[in-house]
Amino acid sequence: MNVPLLDLKTQYSRIQPELMKVIEEVCAQQSFILGAYVEQLEGTLAKFIGVEHAIGVASGSDALLLSLMELDLQPGDEVITVPFTFFASTGVISRLHARPVFVDICADTFNLNPTQLADKITPRTKAILPVHLFGQCADMEAINEVANTHGIPVIEDACQAIGAIQHGTKAGAFGRTGCFSFFPSKNLGAFGDGGLITTHDAQVAERLRLLRVHGSRSEYHHHLIGMNSRLDALQAAILHVKYQHLADWTAKRQNNADTYRQLFHEHGLDNHVTLPVVTPGNIHVYNQLTIKTPKRDALSAYLTEKSIGNRIYYPVPLHLQECYETLGYHKGDFPVAEQAAQEVLSLPIYPELTTDQLTYVAETIKQFFDQQ
Ligand SMILES: *Cc1c(COP(=O)(O)O)cnc(C)c1O
């Protein structure tokens, strides 16, 4: 049996007619940048996430970059975030010549540890940027409490967490802005790059709408220094069709996670691998199903040999990246993130997985540990 880490072709084959219909509509109109399809998607997703405003942009990275530009981040300003995430979360900070200030993660959730947050705040702190890693919200109540005490805006990296809920509030509705990615492997994936910014604040929304079109309020009159970062009509039309399936796909990801839990338990794997911990009040949307084991490298090689897709998100914490040597961090500075980088392994969790495939993955992992 073959179990890829992700199988977008099966998803596509099931909804191809619906997608082709809207793609042909957009092509017939030959109007490709922003426009009615983008506005429709923005309205639909704003309502889904529970915010007043949503702004379609060119990628999740740009959603983060524009959110920081909207704060008028200056060289030397500081943004507090985590070292255990995809590089985009911090690359955008550096891109604006500001400084990422890292805080360690919680071992169980892989998300920002709010108990260490207040210590990192300085007069230069301009934003706190928590990441809802793998599909579960960071502890937003605790993070917002620290942020509010110090009057610091929160920018959520919700790129992996569309639909995730914490105590009744959806990812992207906690901060000044929420940033989403439609990269094809995300839970709601485009046929290319795309992104979205959410906000409750009409003025923030207005500035973001300007920033994504070179700060232009009317053609050739530039109010702000922005950039070109627009979502295009084809992607928006495709995403709107796919959105109709998101609730079903998310439920299937959650069912697959439950099935893994049950199978791992039946196979006596509880002492060998740690499954994702969902903390009280959270609904996890499992963009990744990430387990932990000290035998990670050997398990990964074994699964690959047995044709089971698996991947390490993320093998090198950001404070130890070559490009960040100048930040002056060292090995040992963020022990929880460093240990996670040694032990994490993501397994197939996509909605179209069959029971046979899930069973095969669990049995193969059992075989591996039987041989140890
Ligand atoms: C995917 C992702 C991004 C960036 O999104 P792109 O659309 O690829 O630019 C940012 N942060 C996290 C945590 C992500 O997973």
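1. The side chains of E42 and R209 form a salt bridge, 3.3 Å from N to O; the term denotes a side-chain nitrogen of Lys or Arg within 4 Å of a carboxyl oxygen of Asp or Glu. This pair joins distant parts of the chain, with E42 in helix 2 (residues 36-49) and R209 in helix 6 (residues 202-211), 167 residues apart. Helices here are DSSP runs of H or I of at least four residues, and strands are E runs of at least two, numbered from the N terminus.

2. The model is predicted: local features need pLDDT of at least 70, side-chain atom pairs count only at pLDDT 80 or more, and totals for chains, interfaces and linings use all residues. Residues are numbered from 1 along each chain as its sequence is written, and side-chain values use heavy atoms, without hydrogens and water.

3. E42 is buried at 6% relative accessible area, whereas R209 is partly exposed at 29%. Buried means under 20% relative accessible area, exposed over 50%, and partly exposed in between (1.4 Å probe, protein chains only). E42, R209 and R212 are linked in a network of salt bridges.

4. The count of salt bridges comes to 11. Among them, D248 and K252 meet at 3.1 Å, N to O; both lie in helix 8 (residues 246-266), four residues apart, about one turn of the helix. R296 and D297 also form a salt bridge, at 2.8 Å, and R296 is buried at 4% relative accessibility.

5. An automatic or database assignment sets the domain bounds: domain 1 covers 8-103 + 111-243 and domain 2 covers 246-370. Between domain 1 and domain 2 there are zero salt bridges.
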